[in-house]
Amino acid sequence: MITTVQDGRATRVQGDPEHPFTAGFLCAKVNRYLERTYHADRLLHPLKRVGRKGRGEFAQVTWNEALHDIGHRLRAIADGPHGAQAILPYSYAGTMGMLQAQSMDRRFFHALGASKLDRTICSTAGTWGMRMTVGANVGADAEGLASSDLVLLWGTNTLTANPHLWPFVRQAKEKGARLICIDPIRTRTADQCDEWLGIRPGTDAALALAMMHVLFAEGLQDDDYLARHTLGADQLRERVQDYAPSRVASITGLTEEHIVALARAYGRAKAAFIRVNYGMQRHGGGAMAVRTIACLPAVTGHWRRAGGGVQLSTSANFKYNTAALERPELSPDVRTINMIRLGDALTLPDAGVGGAPVQALVVYNSNPAAVAPDRNRVLTGLRREDLFTVVLEHFQTDTADYADYVLPATTQLEHLDVHFAYGHHYATLNRPAIAPLGECKPNTQIFRELAAHTALDDACFADDDDTLLRQALDTTDPKMATVTYEALMEHGWVRLNVATPYLPYADGGFGTPSGKCEFHSARMEAMGLDPLPAFTPPHEFPELVPELAARYPLTLISSPRHQFLNSTFVNMASLRRDAVPEVALHESDALLRGITEGAQVVVFNDRGAFSAVARVGNTVRAGVAWAPSIWWGKLTGDGHNANETTSQRTTDMGGGPVFYDNLVEVAVAGA
Ligand SMILES: Nc1nc2c(c(=O)[nH]1)N[C@H]1C(S)=C(S)[C@@H](COP(=O)(O)OP(=O)(O)OC[C@H]3O[C@@H](n4cnc5c(=O)[nH]c(N)nc54)[C@H](O)[C@@H]3O)O[C@H]1N2
Ligand SMILES: Nc1nc2c(c(=O)[nH]1)N[C@H]1C(S)=C(S)[C@@H](COP(=O)(O)OP(=O)(O)OC[C@H]3O[C@@H](n4cnc5c(=O)[nH]c(N)nc54)[C@H](O)[C@@H]3O)O[C@H]1N2
Ligand SMILES: [Mo]
């Protein structure tokens, strides 16, 4: 992103036309980054709560007063009967920069001895799935897509969530590739594909197993690749016997013909590119689903060729020196709390995991009052008068309303950082373009000063941001050889030291213990899991929970609204416009409930409820409801959002969230 600055004020942001991947294009949201940065509601001064918890009533205080009091309170808790484990940090994706998201903050909490946070809310299930099959979250390179002859967009809303991939998908299409979208929702991405397969939520593993059933049955496998680079091919071949297309049709809700045709198209392609994304892993069996799909290109040998393979992420290729940034050795042996179980952690006496209750919560780069599951429990916890809450923010979010102190943080335009990527292979420097607005400070600086006020005196708290940047780059990993301080300062971005396109498994070389693509995983067996790919149903799979499904027959998917970035940008009038919370229903489901287009409805289950306007049509498959998210509670009509209905249950591996594994009912409001 290139920022134009006049007289100290940023006047324009634009994409860098020379960047090989983003090619001068910013997404709908970041295009408005100036409006966000200079928004009239931007927090510019430290604030201290004066009203009741959650009322959002604050008075301006000086930094010194705020930091002194926070340091004093945290120190008192650390020295108290429960010790520092009663303090919980809470952060995720507000910024994913190495400095502003995982450096001074981690040092601070490690040195303090606070509880650790397991940052699972987004990607751990899929990451574990990839790890078990191919060894790491490393897959195919989008820059090979032009050579692909079949593109499967599987559980990904590319045009909304990852639009920079689209030009590469189009290159493939222009050269004759077929595009198939596999998604319970007919998204704007599905609309641009040759075919939409409206699968039942949480059943993707079954589909992949049926594809392998057909591949083996029809001799479409690559025997040479199987023999040289895989482990457990015979066991896999036997396992997929259980997944005949006729049986899988009833699991997935797709026809047998569609399943067979998909398998044949895949098996006959030379280099099929599967873009699998995070949608499908937000279900109880999400890790197994990703693991199973990741087996496909090893069966057909597509990994050999540019444009072939599976991509979930490219993030594991970025080997910044996180140990130097985070200093984990400063931490004593403390408990870890899974971030998606925040509701329990704040409301159960031992935080749900044993030991101390949570007495202080320090939130930065996150808005848990909107994004965390089981929102009622989260708000019940945040409302506790005895919970000391500090929130570092740009805006007065739902979460900030519950704070005792709100501290104003800088945006990407105002601080230094360096970024990894999860869809491409370029490291990016983030240079500050303007001075911090008002009294805002970077997260790094806030934690640096907080360390002093909490009587933490390790020398590492003296490192400035430039030093942190150099520490992040201090690594001997060969993939990082090109990512030097000088190269970043000169170009702003630099490609990792990998070929273009990068073919990670063309000749095997998997990151698993065996060095092979592991169809059979001894590690999973050791974890007490099925060592072979299988269909692991969602927690709330109607066939498994018939009584619950009788009361709550619809599966709610609350994936991102096109104009929002999780809960970021929701407060921007130009992006929200006149939008209100909506829920899309299939016309058959609407008819059954007497719901018509535009009707005011309530979406509910035993966990909670939220209001929405009904959108009736054929954009979702029958049995599925779609509530584009993530709304700020306080910007909706009723104060609620979709996370009132989601659960704190976790995925089969990785302890990930199951946001879309969520049975609800929808009724006309007031009925
Ligand atoms: N505009 C915009 N872009 C974003 C974000 C945003 O909020 N807004 N968020 C960013 C972040 S943090 C992330 S993690 C990514 C997420 O981006 P994606 O990985 O694309 O994830 P989702 O949008 O959650 O889900 C993608 C699709 O999966 C579908 N889906 C749900 N359940 C299933 C299933 O069981 N099987 C299949 N096959 N499909 C299913 C959903 O209907 C949805 O259309 O996007 C990033 N980009
Ligand atoms: N129902 C449902 N829930 C979901 C999802 C879903 O699809 N459906 N998606 C899930 C996913 S994939 C994710 S990744 C999570 C995301 O959840 P979060 O990580 O909480 O992401 P955001 O909602 O974008 O909130 C980030 C906050 O950080 C602030 N911020 C940004 N930059 C900075 C900074 O430099 N310093 C400080 N101090 N603050 C900053 C922003 O103003 C914003 O309020 O939500 C999850 N929750
Ligand atoms: Mo995410």
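I'll start with two strands: β22, residues 582-586, and β24, residues 609-617, run parallel and are joined by five bridges. Strands here are DSSP runs of E at least two residues long, numbered from the N terminus, while helices are H or I runs of at least four residues. Two strands count as paired if DSSP finds at least two bridges between them. For background, strands of a sheet pair through backbone hydrogen bonds, either parallel or antiparallel.

Before going on, the ground rules. This is a predicted model, in which local features need pLDDT of at least 70 and side-chain atom pairs count only at pLDDT 80 or more, while totals for chains, interfaces and linings use all residues. Residues are numbered from 1 along each chain as its sequence is written, chains are lettered from A and ligands numbered from 1 in the order in which they are written, and side-chain values use heavy atoms, with hydrogens and water left out.

Back to the strands. Which residue of β24 is the bridge partner of Val583? That is Ala614. On β24 there is also a pairing with β23, residues 600-604, which is antiparallel and has five bridges. In that pairing, Val601 faces Ala612 of β24. The link from β23 to β24 is a hairpin of four residues.

β22 also pairs with β25, residues 624-626, in the antiparallel sense, over two bridges. There, Ala584 is opposite Trp626 of β25.

How many strands close into the barrel, and in what order? Six, in the order β21-β25-β22-β24-β23-β26, with mixed pairing. From one strand to the next, the twist averages 45°. For such angles, axes are lines fitted to C-alpha atoms, for helices over the stretch in contact, and the angles run from 0 to 180 degrees between N-to-C directions.

Next, the open sheet. It has six strands, ordered β4-β3-β16-β15-β14-β5, and its pairing is mixed. Leu47 is the residue opposite Gln60 of β4.

The domain bounds come from an automatic or database domain assignment.

Some polar contacts of ligand 1 follow; a polar contact is a pair of N or O atoms within 3.5 Å, and within protein one must be able to donate a hydrogen and the other to accept it, with residues adjacent in sequence counting only if both atoms are side-chain atoms. A polar side-chain atom of His283 is 3.0 Å from an oxygen atom of ligand 1. A polar backbone atom of Thr160 is 3.0 Å from a nitrogen atom of ligand 1. The protein covers 96% of the 900 Å² of accessible area that ligand 1 has on its own. Accessible areas come from the Shrake-Rupley method with a 1.4 Å probe, and for residues only the protein chains shown count as cover.

Ligand 2 is surrounded by 30 residues, the closest being Ser366, Glu393, Ser558, Ser567 and Thr568. Domain 1 (39-121 + 319-495) and domain 3 (546-668) each supply at least three residues of this shell. From Ser567, a polar side-chain atom lies 2.5 Å from an oxygen atom of ligand 2. The Ser558 contact uses a backbone N or O atom, 2.7 Å from a nitrogen atom of ligand 2. On its own, ligand 2 has 920 Å² of accessible area, of which the protein covers 96%.

Last, some backbone details. The peptide bond from Thr500 to Pro501 is cis, with omega near -10°, and Pro501 is in the loop between β19 (493-495) and β20 (517-518). Another cis peptide bond, with omega about 0°, joins Ser629 and Ile630. Ile630 is in the loop between β25 and β26 (663-668).

Key:
Near = heavy atom within 4 Å.
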